[in-house]
Amino acid sequence: MGQLRAEIGLEIKPEFCTQCGKCSSGCPAARLLDIRPRKIVLMAYLGMEDEVLRSGWLWMCSDCLACEERCPYQVGPYSIIMALRELYAEKGLRLPSYYGPLASSLLKTGFSQAPIRVRTREFKRVDRESLGLQPPRGPMDMKRFSENLKAVLGGVRA
């Protein structure tokens, strides 16, 4: 757990996990796939980072934060997943190919998906501006963001 502990810092403690399952019960990915946040936490605690990195589970997380919110012991399953993703990048491992369209959008706009117009119940088309919402703020330094993202993405075509 040494590499992971260096990534996540001392405030996140996988050793506090009691395997209660609250994180996994709220996980939308757990319902459809063979991923359970509590399993990832346990494997991280047992020093099985390489197995998790090779499994592909890290990329199935929907980033909804339900596991983080439900954990009664503040173990931080999502924080552990994010730290493992950083470790994945540091090791120079390639992202799965299905991340290409996502990477392309991130490189161009800084967003995983461009803001879209939607229809109301009255079938009126609205967007953020017409609702009086601020435009989404992307990265402060788009050039630096893109360069760093390209370095992380490695061989994934965008």
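1. Aromatic pairs first. Rings of Phe, Tyr and Trp (its six-membered ring) pair if their centres lie within 6.5 Å; planes under 30 degrees apart count as stacked, over 60 as edge-to-face and the rest as tilted. By this rule there is one aromatic pair. The centres of the Trp59 and Tyr88 rings are 5.0 Å apart and their planes stand at 75°, so the pair is edge-to-face. Trp59 sits in the loop between α5 (49-55) and α6 (66-70), and Tyr88 in helix α7, 29 residues apart.

2. On the basis of the note. This is a predicted model, where local features need pLDDT of at least 70, side-chain atom pairs count only at pLDDT 80 or more, and totals for chains, interfaces and linings use all residues. Residues are numbered from 1 along each chain as its sequence is written, and side-chain values use heavy atoms, with hydrogens and water left out.

3. The largest pocket. A pocket is an open set of points on a 1 Å grid with protein on both sides within 12 Å along at least five of seven lines; lining residues have an atom within 4 Å of a point. The volume is about 510 Å³. The lining has 19 residues, with Trp59, Met82, Arg85, Leu95 and Tyr99 nearest the centre.

4. Who lines the pocket. α7 (77-90), α8 (100-109) and α9 (142-153) each supply at least two lining residues. α7 gives the most, with six. Domain 1 (14-90) and domain 2 (99-152) both contribute to the lining, so the largest pocket lies between them.

Definitions and conventions. On a 1 Å grid over the protein atoms alone, a cavity is a set of points where a 1.4 Å probe fits but cannot get out, and a pocket is an open set with protein on both sides within 12 Å along at least five of seven lines; lining residues have an atom within 4 Å of a point. Grid points are joined across faces, edges and corners, and a volume is the space filled by probe spheres set on the points. Helices (H or I, at least four residues) and strands (E, at least two) are DSSP runs, numbered from the N terminus. Domain bounds come from an automatic or database domain assignment.
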